[in-house]
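The points below are meant for a colleague who is opening this model for the first time. Please read them with the structure in view.

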Amino acid sequence: MADLASTCKDKLAYFRIKELKDILHQLGLPKQGKKQDLIDRVLALLSDEQGQRHHGWGRKNSFTKEAVAKIVDDIYRKMQIQSAPDLATRSHTGSDLFRPKDEVNDSFQPQPVTKVRCICDSKLLNDNMIQCEDDRCHVWQHMSCVLVPDKPTEGVGPEVPPHFYCELCRLSRADPFWVTTGNPLPPLKFMSSGVANDGTSVLQTVEKTFQLSRADRETVQRSEYDLQVWCILMNDKVQFRMQWPQYAELEVNGFAVRVVTRPGSQLLGINGRDDGPLITTCSREGTNKICLRRVDNRTFCFGVRVARRRSVPQVLTLLINLVEMIGIRCFLFLFTYLSVAFLHLTGP
Ligand SMILES: [Zn+2]
Ligand SMILES: [Zn+2]
């Protein structure tokens, strides 16, 4: 029995308040308290001294230890398995995108849930981590890397948002007509290097290379795929949209690529959002060079992704799935999605 308790303890260590409350709800126990209190409350049911007596939750709790362990295990699995249908956030690497659902379930092995993927490229954990809340992502990132204060000069730390999504999950929700299937150039932070003496922004350039395998090249040349450069403003008030810096200029393998159609000084494009330019035609197998210039001292993040186009029926199915999956919170996404969808449908 001690084994049951220790396995559950290991699993509970990965749970967030949300999952812990979910368990307590299923067990009919109070949900208030600090995280450790919630964990202890569940573990008490698994201890040999019949914890409910110690904790005074009365006798109404009639769950056996096995039943409690099963509830813990179910939620633990739910946190790990990507069981939902094709969604915008389906894959960051593309590696599991084409795997049938059954295969994902059959090959399930408990994996450590703590995965760190940050725009600084470091995989080290520190004391100030924040987790992406997307159910199929849950990556941890360094707060100092991804939370950007609105006014950095005032020395006030950025606010921790109530709902945090990593940049790839934000991107995935920015346009329902594209689903990411690969990231040849992973997200890169494009920070301000300061302002000129007269207070104006200075021109900044970032140059990077990324690799495309022969298979990648063949994929992006298929009609429903494209290679896309994307960019988001790190502390954008609207989480799920692309936004390019002011006076952004892009070059891919020496070819100038038009980033936005708006004037360089204007913020955002039509409908308060920007798009990601497609660079399939100027890409090549092997090493590709990308160069981004801007005159804008805000902090952005950009990258290159392989994306597959969704059809209108697929997007509608996606919307319905979203409503079923996340209920009321999806209204935010829905609003974003529908406005983009409307643009696509009414566009040229
Ligand atoms: Zn970092
Ligand atoms: Zn994420």
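1. Four strands form an open sheet in the order S4-S8-S6-S7, and their pairing is antiparallel; helices (H or I, at least four residues) and strands (E, at least two) are DSSP runs numbered from the N terminus, and two strands pair if DSSP finds at least two bridges between them. Strand S4 (203–212) and strand S7 (255–257) stand at the edges with a single partner strand each, so one side of each has no neighbour in the sheet. Neighbouring strands here are turned against each other by 25° on average, direction ignored. S4 and S8 run antiparallel and are joined by 10 bridges, and Leu212 stands opposite Gly286 in S8.

2. This is a predicted model, in which local features need pLDDT of at least 70 and side-chain atom pairs count only at pLDDT 80 or more, while totals for chains, interfaces and linings use all residues. Residues are numbered from 1 along each chain as its sequence is written, and chains are lettered from A and ligands numbered from 1 in the order in which they are written.

3. Another open sheet has three strands in the order S3-S9-S5, with antiparallel pairing. Its edges are strand S3 (178–190) and strand S5 (225–233), each with a single partner strand, so one side of each is left without a neighbour in the sheet. The twist from one strand to the next averages 20°, where axes are lines fitted to C-alpha atoms, for helices over the stretch in contact, and angles run from 0 to 180 degrees between N-to-C directions. Nine bridges join S5 to strand S9 (residues 300–309), and Leu227 stands opposite Val306 in S9.

4. Two helices lie across S3, S5 and S9: helix H8 (residues 167–174), running at about 135° to S3, and helix H9 (residues 214–221), running at about 90° to S5.

5. Which residues have the most contacts inside the largest nonpolar core? This core has 43 residues, and those with the most contacts inside it are Trp230, Cys231, Ile232, Phe300, Cys301 and Phe302; a nonpolar core is a set of buried Ala, Val, Leu, Ile, Met, Phe, Trp, Tyr and Cys residues joined through C-beta atoms within 7 Å. Among the elements that each supply at least two residues of this core are H8, strand S8 (286–295) and helix H10 (312–326). Not counting residues up to four places away in sequence, Trp230 touches Leu171, Met242, Gly276, Phe302, Gly303 and Arg305, contact being defined by C-beta atoms, placed from the backbone, that lie within 7 Å. A second, separate core of 17 residues includes Leu38, Leu45, Val68 and Ile75.

6. In helix H3 (residues 35–44), Leu38, Arg41, Val42 and Ala44 are buried. Seen down the axis of H3, these buried residues fall within an arc of 160°, so they line one face of the helix, the arc being that of the directions from the helix axis to the C-beta atoms. Lys35 and Gln36, on the other side of H3, are exposed. A residue is buried if 20 or more other C-beta atoms lie within 10 Å of its own, exposed if 12 or fewer, and partly exposed in between.

7. Two backbone angles deserve a look. Asp121, in the loop between helix H6 (101–106) and strand S1 (129–131), has a positive phi near 80°, and this residue is exposed, with 11 other C-beta atoms within 10 Å. Tyr247 has a positive phi of about 50° and is placed in the loop between S5 and S6.
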